[in-house]
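User: I would like to learn how to read a few local features in a model. Can we take them one at a time?

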Amino acid sequence: MKKERNSMERKEDSPLSLGELLVFYCKERRKFFYLLLLVMATIYSLGILYQIQEIRQLSYGMILSAFFCLLWGCMDFYKYIKEYKDLYECRLWIGDTLKKPSHQGLKARMYGEILEILWKGQRELIFQKRWEEKEREDYYTLWGHQIKTPIAAIYLLLQREEIRNRMELREQVFLVEQYVDMVLQYLRLHSISSDLLFKKYDIYEIVKKAVKKQKVFFIQKNLTLKLQEFSYVMVTDEKWLLWVLEQVILNAVKYTERGRIEICMEDGILKISDTGIGIRTEDLPRIFERGFTGYNGREHKKSTGIGLYLCGKILDRLMIPYKVESTLSKGTTFFMDCSKEKKEESLQKCKK
């Protein structure tokens with residue numbers, strides 16, 4: 001069966017023989033041939049019916065007409081073969097480049113234009129697919145290297161006879177959970193629209209949940225948290241916004257060795273500030289790019305270049321404007337504009 005299938009595939013890829021082309025040509029032109037035979041039969045029948053004396057001359061005329069029709073058919077068949085060869089060559093070259101048919105007839109030119117449109121669409125889909133596969137492969141490679149660190153640390157802690165510092169073990173387990181959660185969010189990002197559930201939520205309650213999840217790191221690094229109590233209700237998706245807040249707070253804690261993390265709401269703008277190492281001015285415009293780690297990531301080996309990328313994409317889908325301001329060696333502030341006016345502006349832009 002496999003040999004028959006392979007031979008059939010080779011046969012489909014090879015050009016048609018002259019006999020096969022003649023069969024296809026006759027099938028496509030059969031109406032013309034039927035009409036020609038009908039006309040000749042009608043003329044001959046009329047000649048016999050009306051007893052035309054010069055029936056022999058009429059026969060000669062019909063034979064001569066048939067000869068010219070045959071000559072025209074040969075020329076048309078040659079033109080048919082040429083068009084087939086042009087289209088066959090186009091089929092062979094449709095991979096990386098497009099070779100248009102050399103025949104300049106109106107029908108062939110229109111077929112060429114349609115072929116060019118389809119070819120361009122095909123190339124765009126191929127390039128987009130390759131880019132998505134490359135992006136996914138790069139991320140999984142990076143994720144695999146990042147998750148090895150906390151797993152190795154857990155193994156070392158478990159090999160001790162007595163685990164004195166259980167907080168350190170909890171920290172490493174939490175990091176594993178964060179990395180696994182990050183890859184799941186990355187996979188869901190392309191279908192986030194179908195997963196969104198917009199309701200009215202109090203932002204303060206979501207912030208408290210995010211802070212509570214990061215308490216291990218606050219205790220471990222002995223950092224102070226200044227959470228200003230506020231009440232601000234907005235329409236959003238709790239699950240995705242909570243994940244963004246967790247990532248932003250985790251980043252603030254990760255790059256702050258001493259001092260405090262401050263969270264407050266002013267005029268509908270949620271601010272998350274730290275007294276950490278800050279971000280270089282030249283790195284600020286690129287921190288939301290996929291895979292960008294910047295100077296801090298290279299220096300401290302803590303950044304994956306994925307967390308803020310996902311945060312930016314999710315906030316765009318939630319229609320929440322955001323920005324980051326930072327001063328090197330003094331700290332960083334993450335701004336999220338939760339005001340109704342800004343959300344309406346974002347909604348209008350999406351509609352446009």
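Predicted model: local features only at pLDDT ≥ 70, side-chain atom pairs only at ≥ 80, totals over all residues.

User: Within what arc do the buried residues of α7 fall, seen down its axis?

Analyst: General idea: an α-helix has 3.6 residues a turn, so residues three or four places apart point the same way. Now the case here. The arc that holds the buried residues of α7 is 160 degrees, so these residues line one face of the helix.

User: What does a side-chain oxygen of Asp202 reach at the start of α7?

Analyst: The backbone nitrogen of Tyr204. The side-chain oxygen of Asp202 comes to within 3.1 Å of that nitrogen. Tyr204 is also one of the buried residues of α7.

User: Where do Asn222 and Met319 lie?

Analyst: Both are in loops. Asn222 sits between α8 (215–221) and β2 (224–227). Met319 sits between α11 (307–317) and β6 (322–327).

User: Is Asn222 buried or exposed? And is Met319 buried or exposed?

Analyst: Use the cut-offs: under 20% relative accessible area is buried, over 50% is exposed. Asn222 has 67%, so Asn222 is exposed. Met319 has 16%, so Met319 is buried.

User: Now the surface. Which residues form a nonpolar patch?

Analyst: Leu64, Phe67, Phe68, Leu71 and Met75. Together they have about 530 Å² of accessible area. Take Met75 as the example. Met75 belongs to helix α4, residues 55–92. Its relative accessibility is 55%, so Met75 counts as exposed.

User: Let us zoom out. How many helices and strands are in the chain?

Analyst: Twelve helices and seven strands. The chain has 352 residues, and 34% of them count as buried.

User: What share of the accessible surface belongs to carbon and sulfur atoms?

Analyst: 58%, out of about 23,800 Å² for the chain.

Note on methods
Residues numbered from 1 in each chain as written. Heavy atoms only, no water. Helix = DSSP H or I, 4+ residues; strand = E, 2+ residues; numbered from the N terminus. Buried < 20%, exposed > 50% of the residue type's maximum accessible area, 1.4 Å probe, protein only. Patch = residues over 30% accessible without salt bridge, like charges linked within 9 Å, V, L, I, M, F, W, Y side chains within 5 Å. Areas by Shrake-Rupley, 256 points an atom, 1.4 Å probe, with all protein chains shown as cover. Salt bridge = Lys/Arg side-chain N within 4 Å of Asp/Glu carboxyl O. Arc of directions from axis to C-beta. Polar contact = N/O pair within 3.5 Å; in protein donor to acceptor, adjacent residues only side chain to side chain.
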